[in-house]
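Have your viewer open and try each task before you look at the solution.

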Amino acid sequence: MAFGEQPAYLRVAGDLRKKIVDGSLPPHTRLPSQARIRQEYGVSDTVALEARKVLMAEGLVEGRSGSGTYVRERPVPRRIARSGYRPERGATPFRQEQADAEARGTWESYSRQSEASAAIAERLAIQPGDRVMCTKYVFRDAGETMMLSTSWEPIAVTGRTPVMLPEEGPLGGMGVAERMAAIDVIVDNVTEEVGARPGLAEELAALGGVPGHVVLVIQRTFYASDRPVETADVVVPADRYRIAYHLPVR
């Protein structure tokens with residue numbers, strides 16, 4: 001193969017991708033069969049199969065049991081707005097994760113004590129195995145699961161206090177800063193790091209994605225001065241949402 005020349009399966013996948021993007025193969029249309037691809041492009045069955053695998057991995061097509069492979073509906077990405085921390089009394093968990101004042105939705109949560117993994121211990125500046133309160137959230141908008149979140153708080157900070165359970169007690173459901181202030185821990189800064197990776201099987205099952213889909217992960221940590229008091233991973237499907245930041249200039 002000459003320098004710069006694409007493998008045959010990528011050339012075929014690229015042409016089919018172009019037809020999907022420009023509408024020649026609209027959503028819910030059946031993808032040409034393996035035999036049709038082989039004949040139309042003059043390639044082997046192996047090349048035709050690999051080209052279809054590429055399109056499936058990109059989330060452009062989906063297999064339907066006993067029916068074939070079809071072009072998927074391409075969602076129009078929506079914005080998840082985020083901003084620098086602004087105190088907002090009474091903020092719900094859904095609003096805590098979105099700066100957009102129009103954000104509405106429902107959520108479910110579950111908290112339990114666990115031992116900090118090495119990665120979480122490093123983020124919280126504690127020792128691996130130290131006790132943390134782990135809370136998992138599922139956020140929905142108009143009934144559609146749009147975001148998953150898992151947070152960890154050191155039991156050394158919140159243990160035996162009214163805010164030990166983030167979603168229960170007198171301040172259940174309030175923001176991290178407001179809850180911590182109730183136990184004289186003053187949160188004054190927060191960091192967020194955004195990355196992308198293939199979604200885990202359980203994440204994609206909850207978010208309605210297909211194997212191979214990419215998710216965006218926001219790694220957020222709240223600090224009281226230099227001490228981390230909460231860290232969380234917020235997971236959203238990359239094909240349906242964009243993370244938009246609006247930050248103050250000081």
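**Exercise 1.** Which residues lie nearest the centre of the second largest pocket, and how many residues line that pocket?

*Solution.* Keep in mind that this is a predicted model. Start with the count: 21 residues line the second largest pocket. Then move to the middle, where Lys136, Leu148, Ser149, Thr150 and Glu203 lie nearest the centre. As for volume, this pocket comes to about 390 Å³.

**Exercise 2.** Work out which elements build that lining, and sort its residues by class.

*Solution.* First, pick the elements that give two or more residues to the lining of the second largest pocket: strands E4 (106–115), E5 (131–141), E6 (144–154) and E9 (227–237), plus helices H5 (118–124) and H8 (201–207). Next, look for the top contributor: E6 gives the most, with 4 residues.

**Exercise 3.** Describe how helices H1 and H2 meet.

*Solution.* Take the geometry first: the axes of H1 (residues 8–22) and H2 (residues 34–41) come within 12 Å and cross at roughly 105°. Angles of 65 to 115 degrees count as roughly perpendicular, so H1 is roughly perpendicular to H2. Now for the contact itself: H1 brings Arg11, Val12, Asp15, Leu16 and Lys19, while H2 brings Ile37, Glu40 and Tyr41. By class, the contact residues divide into 4 nonpolar and 4 charged, with no polar ones.

Terms used. Residues are numbered from 1 along each chain as its sequence is written. This is a predicted model: local features need pLDDT of at least 70, side-chain atom pairs count only at pLDDT 80 or more; totals for chains, interfaces and linings use all residues. Side-chain values use heavy atoms; hydrogens and water are left out. Axes are lines fitted to C-alpha atoms, for helices over the stretch in contact, and angles run from 0 to 180 degrees between N-to-C directions. Angles under 35 degrees count as roughly parallel, over 145 as roughly antiparallel, 65 to 115 as roughly perpendicular and the rest as oblique. Contact means heavy atoms within 4.5 Å. Ala, Val, Leu, Ile, Met, Phe, Trp, Tyr, Cys and Pro count as nonpolar, Asp, Glu, Lys and Arg as charged, and the others, Gly among them, as polar. On a 1 Å grid over the protein atoms alone, a cavity is a set of points where a 1.4 Å probe fits but cannot get out, and a pocket is an open set with protein on both sides within 12 Å along at least five of seven lines; lining residues have an atom within 4 Å of a point. Grid points are joined across faces, edges and corners, and a volume is the space filled by probe spheres set on the points.
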